[in-house]
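Okay, thanks everyone, let's get going.

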Amino acid sequence: MNFDLDKLLRANIRNLKPYSSARSEFRGTASVFLDANENSYGSPLTKWYNRYPDPLQWDLKKKIAGIKSVDAEKILLGNGSDECIDLLIRAFCDPQKDRIIICPPTYGMYEVYANINDVPVTEVPLLPDFQLNLEGIEGAIDEHTKLIFLCSPNNPTGNSLDREDIEVVLNNFEGIVVVDEAYINYSRYRSFVSELADYPNLVVMQTFSKAWGLAALRLGMTFASPQIIRVLNTIKPPYNINAATQELALKALDNLEDVNEMIRETVKERGILVKALADLPFVQTVYPSDANFVLVKMQNATAVYEYLKTKGIIVRNRSTVALCEDSLRITVGTDVQDRQLITALQQYNG
Ligand SMILES: *Cc1c(COP(=O)(O)O)cnc(C)c1O
């Protein structure tokens with residue numbers, strides 16, 4: 001496999017002279033900072049927020065690096081993983097020329113960001129068992145294919161992609177393979193972060209929005225070679241992670257054990273939910289899940305969706321999505337919420 005990062009990058013990005021912020025031009029300690037046109041008098045909140053935050057979030061990255069056993073230089077933080085998706089497309093894909101491959105049914109934002117950037121999308125649907133169509137992917141790759149987005153565990157199907165299949169793509173594709181691991185903490189399988197040293201074309205995305213319970217902060221993680229991270233750093237907005245988020249995420253990272261307890265609880269509750277759903281007479285299939293949600297195929301899913309709405313319970317109707325016909329995606333709730341859901345469904349007589 002021939003991996004040439006420079007060749008893959010858009011020419012304008014390869015040659016980009018990045019914005020040099022005040023905080024990146026002077027990094028030492030000093031007593032008087034008059035270089036960034038901040039308000040020297042403070043703010044109505046706490047004094048601290050009157051200063052621009054660290055553009056590269058080193059304190060936060062070092063702490064994440066320790067937990068994930070990966071060098072801080074291999075981490076990029078984004079305003080949600082969604083920003084990371086956008087940065088990757090903008091770094092590698094010339095509008096109207098380069099393309100990405102996605103494997104639907106999958107997370108919708110890959111396509112949305114491609115569309116926003118005027119980058120064509122090639123769809124290679126998953127097989128009926130929700131695994132990768134490797135021959136289809138091989139056939140779809142052309143000289144303009146820059147990125148392949150793989151989501152594992154996959155949203156909305158909940159299953160993990162076969163590890164060996166992902167490795168086949170990594171070994172045979174000369175572009176970038178993005179493995180979106182938003183739900184990895186709920187999975188039986190280990191993260192691809194530990195494979196970064198073996199694959200120069202591997203990019204792994206994780207997020208604080210799911211297992212860490214911090215969706216409102218908007219904080220996503222991208223793991224890749226220092227070379228790829230350096231490029232993404234040059235095109236990201238200089239202060240893309242605000243100071244409050246950096247501060248709160250640092251605090252959250254001190255509570256790893258609490259988070260692990262929530263993950264165990266969610267996985268246990270997922271088992272209970274799966275069993276209760278499978279016992280409902282109108283449910284056809286509860287697909288195996290490695291995530292904090294389950295995809296459920298049933299008779300007339302849209303009617304069930306509407307019924308649940310009248311009970312004040314909102315789930316995601318995926319019925320219009322190919323391979324997800326008559327399926328609802330249901331997030332694992334607390335035991336109380338899940339009992340409410342199941343009780344409502346037991347009373348349903350469509
Ligand atoms: C929820 C989710 C994300 C998280 O996105 P954020 O922008 O970090 O909140 C990423 N990928 C997938 C597949 C998801 O389902």
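C324 is buried, with a relative accessible area of 0%. Buried here means under 20% relative accessible area, exposed means over 50%, and partly exposed is in between, using a 1.4 Å probe and protein chains only. Before I go further, the ground rules: this is a predicted model, so local features need pLDDT of at least 70, side-chain atom pairs count only at pLDDT 80 or more, and totals for chains, interfaces and linings use all residues. Residues are numbered from 1 along each chain as its sequence is written, and side-chain values use heavy atoms, with hydrogens and water left out.

Now the ligand. Which residues are closest to it? There are 13 residues around the ligand, and the closest are Y183, T207, S209, K210 and R218; to be near, a residue needs a heavy atom within 4 Å. By class, that shell splits into four nonpolar, five polar and four charged residues. For the record, nonpolar is Ala, Val, Leu, Ile, Met, Phe, Trp, Tyr, Cys and Pro, charged is Asp, Glu, Lys and Arg, and polar is the others, Gly among them.

On the polar contacts, I'm using pairs of N or O atoms within 3.5 Å; within protein, one must be able to donate a hydrogen and the other to accept it, and residues adjacent in sequence count only if both atoms are side-chain atoms. D180 puts a polar side-chain atom 2.7 Å from a ligand nitrogen. T207 has a side-chain N or O atom 2.7 Å from an oxygen of the ligand. Then R218 has a polar side-chain atom 2.6 Å from a ligand oxygen. As for cover, the ligand on its own has 390 Å² of accessible area, and the protein covers 94% of that. Those areas are Shrake-Rupley with a 1.4 Å probe, and for residues only the protein chains shown count as cover.

You'll find E38 in the loop between α3 (22-25) and α4 (58-68); helices are DSSP runs of H or I with at least four residues, strands are runs of E with at least two, and both are numbered from the N terminus. Buried or exposed? E38 counts as buried, at 13% relative accessibility. Its side chain makes a 2.5 Å polar contact with the side chain of R51. Setting aside neighbours within four places in sequence, E38 is in contact with R23, N50, R51 and Y52, contact being heavy atoms within 4.5 Å.

Next, the backbone. Most residues other than glycine have a negative phi, and most peptide bonds are trans. Here are some exceptions. S152 and P153 are joined by a cis peptide bond, omega about -10°. N155 and P156 are joined by a cis peptide bond as well, with omega about 15°. P153 is in the loop between β4 (145-151) and α8 (163-172), and P156 is in the loop between β4 and α8 too.

For positive phi, D118 comes in near 60° and isn't a glycine. D118 sits in the loop between α6 (109-116) and β3 (121-123) and is partly exposed, at 39%. D326 isn't a glycine either, and its phi is about 55°. That one is in the loop between β10 (316-317) and β11 (327-331), partly exposed at 30%.

D326 also turns up in the contacts of Q299: beyond neighbours within four places in sequence, Q299 touches P281, F282, Q284, V304 and D326. Q299 is in the loop between β9 (293-298) and α12 (301-310), partly exposed at 46% relative accessibility.

Last one: I342, in helix α13 (residues 335-346). I342 is buried, at 10% relative accessibility, and its contacts beyond four places in sequence are L273, A276 and L277. Okay, over to you.
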